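Work through the exercises below with the structure open beside you. Try each task before you read its solution.

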Amino acid sequence: MNLQNFTFETFVFQVLNGLSTSMLLFLLAAGMTLIFGLMEVVNLAHGTYYLLGAYFGYSVMNATNNFWLALVIAPLGVGVVGFVMERFFLRPLYSKAHSNMVILTLGFAYLVGDLTTLIWGGDPKSIPAPAPFDHSIELLGRSFPSYRLFVAGLGLLLALGLWLLLEKTRIGAIVRAGVSDKEMVRGMGINISLVFTALFVFGMVLAGLSGVVAAPFQSFGLGDDLRILVYSLLVVVIGGLGTLSGAFWGAIVIGLVDSLGAAYFPSFAQFGIYIVMALVLMVRPTGLFNKAQA
Amino acid sequence: MSMLEVNNINTFYGKSHIIQGLSLSVEEGEAVALLGRNGVGKTTTIRSIIGFTPPRSGDILFKGKQIARRKPESISRMGMGLVPQGRRVFPNLTVKENLTVASRGSAKGGWDLERVYKYFPRLKEREKNLGSQLSGGEQMMLAIGRGLMINPELLLLDEPSDGLAPMVLHDIADIVVQLQKQGLSILLVEQNVKMALKIASRAYVLNKGQVAWAGAAEELRNNEELQHQLLVVSA
Ligand SMILES: Nc1ncnc2c1ncn2[C@@H]1O[C@H](COP(=O)(O)OP(=O)(O)O)[C@@H](O)[C@H]1O
Ligand SMILES: [Mg+2]
């Protein structure tokens, strides 16, 4: 353990760092958990969409030098890729065994991963943080990158927006109804395949968005897609499949464990999140927030 | 033209041939009972009609249009409401959401939240509760209300009496009669033969996926021996 340099200030900093990571993970896991809950698709290309978001953002940045434009355009571009994948590749597999989709999405992950190297080269890229979040601010007498605070704030806002969308609108109610009984939803005249496409594209837009948002504080490249995939899967498993609140609290837990673990237990940091997952699953096998407890 | 005409359909679950050459019809404004012992294929017939388990062969005409190969969502949109066996209210949605999710935007003289609440004041009181928090009777009301929200011309009801207390049963039967009197066509699957024969004007009795008897409800109501022979499980 590494407690010699434990101070209240570093602790707060690590928590803030962790929370900004949490918010990124939430954007990924929210889409993943809803897509799994409604469509029963385990999308192993989820991290690939994150990486695509980062690369698309990088290209838009190079072309326009405007981060905010990249923040809007890149996720939309990722959404288009998601649309093509759902309509033309996943759709024919819904009536087949789940293993087909697992193989398809994994194949997609490797294929697109290689394509990114072909297009953007193999060396890690990054995007500079945009003004006014491109410098550090004074916090507890030390300097802290303001961009991380922006990310945490943006994430919280989006979480609130997503919650409102899912809990307070008719389209949200349709998604929740579909998670519990798809057939009945169809029997009420709702075109569920349209809902599938919309939700999948939306989930991929969120993944792409988190890719762009993350790019200013960590350089990215091939490998991050699978790393992020594993993190998102952990969040979803810890939180419980199919619930937004589960994705939220799962992301908080993983983000904090990751950040505090790296600071205070550096030699265990790699395993910290897995240990937490094992502990959670021992106590609650269906995740923290799944109402249907096994 | 009949409201619903089922012609010689055959429906399978995998390799099991469940519905074997079944035909039936529901005229406009008519309530028809579909009876039979457990496991004879009543629910499978309903599932064939709404498109959940489409028949492999045969025709189903709804308002004169072929629907045997259509998707459930498009059949529903043509004006077929479903109150399924087991009610299947969405447990994780509020009462109000259960209803509005089915809403098609109120057509003139059609069903909307207000009108459903007028029929079932209890649902209004429970508006904010989750589907999972309702009693069996309340779930039944919700399932019927939800089926009405799509503005059906034909309502399929699969065992609405199942598991209800006698008092509630009576209310539900009343509601179904009222709906029929207002011009809704109804196909009513029931184990409760007495209730079904009171509501319906015609009845079909199924056995092993085929129509074993068809005729006026009154005829079956007045012939206890026939009822016994068709409907009571033989030892
Ligand atoms: N999903 C299914 N898969 C296979 N067989 C089924 C399925 N559902 C029902 N069955 C069988 O089909 C037959 C008819 O069932 P059902 O239509 O539910 O009867 P009923 O509604 O008249 O009680 C039964 O023998 C039942 O075991
Ligand atoms: Mg049945």
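Buried means under 20% relative accessible area, exposed over 50%, and partly exposed in between. Keep in mind that this is a predicted model.

**Exercise 1. A serine in chain B**

Task: Decide whether Ser48(B) is buried or exposed, and list its contacts beyond its neighbours within four places in sequence.

Solution. 
- Step 1. Ser48(B) sits in helix H1 of chain B.
- Step 2. Apply the cut-off. Ser48(B) has 2% relative accessibility, so it counts as buried.
- Step 3. Leave aside the neighbours within four places in sequence. Ser48(B) then touches Ile9(B), Thr11(B), Thr53(B), Pro54(B), Pro55(B) and Ile60(B).

**Exercise 2. The magnesium site**

Task: Find the protein donors of the magnesium ion (ligand 2). Then state where they lie in the chain.

Solution. 
- Step 1. Locate both residues. Thr43(B) belongs to helix H1 (residues 42-50) of chain B, while Gln85(B) is in the loop between strand E6 (80-83) and H3. The two are 42 residues apart, so the pair links distant parts of the chain.
- Step 2. Check accessibility. Thr43(B) is partly exposed at 24%. Gln85(B) is also partly exposed, with 33%.

**Exercise 3. Salt bridges within a chain**

Task: What does each pair tie together?

Solution. 
- Step 1. Side chains of opposite charge can pair when their charged atoms come close.
- Step 2. Take the pair in chain A. Glu40(A) lies in the loop between helix H1 (8-39) and helix H2 (46-64), and Lys182(A) lies in helix H7 (residues 182-186), so the bridge ties together parts 142 residues apart in sequence.
- Step 3. Check its accessibility. Glu40(A) is partly exposed, at 35%. Lys182(A) is partly exposed, at 24%.
- Step 4. Take the pair in chain B.
- Step 5. Glu138(B) is buried at 7%, and Arg126(B) is buried at 18%.

**Exercise 4. The interface of chains A and B**

Task: Describe the interface by area, by residues and by polar links.

Solution. 
- Step 1. Start with area. The size of an interface is often given as the accessible area lost when the parts come together. Here about 1,800 Å² is buried between chain A and chain B, and carbon and sulfur atoms give 52% of that.
- Step 2. Find the main contributors in chain A. Glu183(A), Met184(A) and Met188(A) lose the most area to chain B, together 34% of what that side buries.
- Step 3. Count residues. Chain A brings 18 residues to the contact and chain B brings 23.
- Step 4. Count polar links. There are 12 residue pairs in polar contact (both at pLDDT 80 or more). The salt bridges between the two chains number five.
- Step 5. Look at the side of chain A. H6 and H7 each supply at least two residues. H6(A) gives the most, with six. By class, this side has eight nonpolar, four polar and six charged residues.
- Step 6. Examine one bridge. Glu97(B) and Arg176(A) meet at 2.7 Å, N to O. Glu97(B) is in helix H3 (residues 95-100) of chain B and Arg176(A) in helix H6 (residues 170-180) of chain A, so the pair joins two chains. Glu97(B) is buried at 13%, and Arg176(A) is buried at 9%.
- Step 7. Note a network. Salt bridges link Asp181(A), Glu183(A), Arg47(B) and Arg88(B).

**Exercise 5. Backbone checks**

Solution. 
- Step 1. Find the cis bond. It joins Ala131(A) and Pro132(A), with omega about 5 degrees. Pro132(A) is in the loop between helix H4 (98-120) and strand E1 (136-139) of chain A.
- Step 2. Turn to phi. Arg87(B) is not a glycine, yet its phi is positive, about 70 degrees. Arg87(B) lies in the loop between E6 and H3 of chain B and is buried at 11%.

Methods
Residues numbered from 1 in each chain as written. Chains lettered and ligands numbered in written order. Heavy atoms only, no water. Helix = DSSP H or I, 4+ residues; strand = E, 2+ residues; numbered from the N terminus. Buried < 20%, exposed > 50% of the residue type's maximum accessible area, 1.4 Å probe, protein only. Salt bridge = Lys/Arg side-chain N within 4 Å of Asp/Glu carboxyl O. Donors = N, O, S within 2.8 Å, 3.2 Å for Na, K, Ca; no water. Contact = heavy atoms within 4.5 Å. Buried area = accessible area lost by both parts, 1.4 Å probe. Polar contact = N/O pair within 3.5 Å; in protein donor to acceptor, adjacent residues only side chain to side chain. Nonpolar A, V, L, I, M, F, W, Y, C, P; charged D, E, K, R; others polar.
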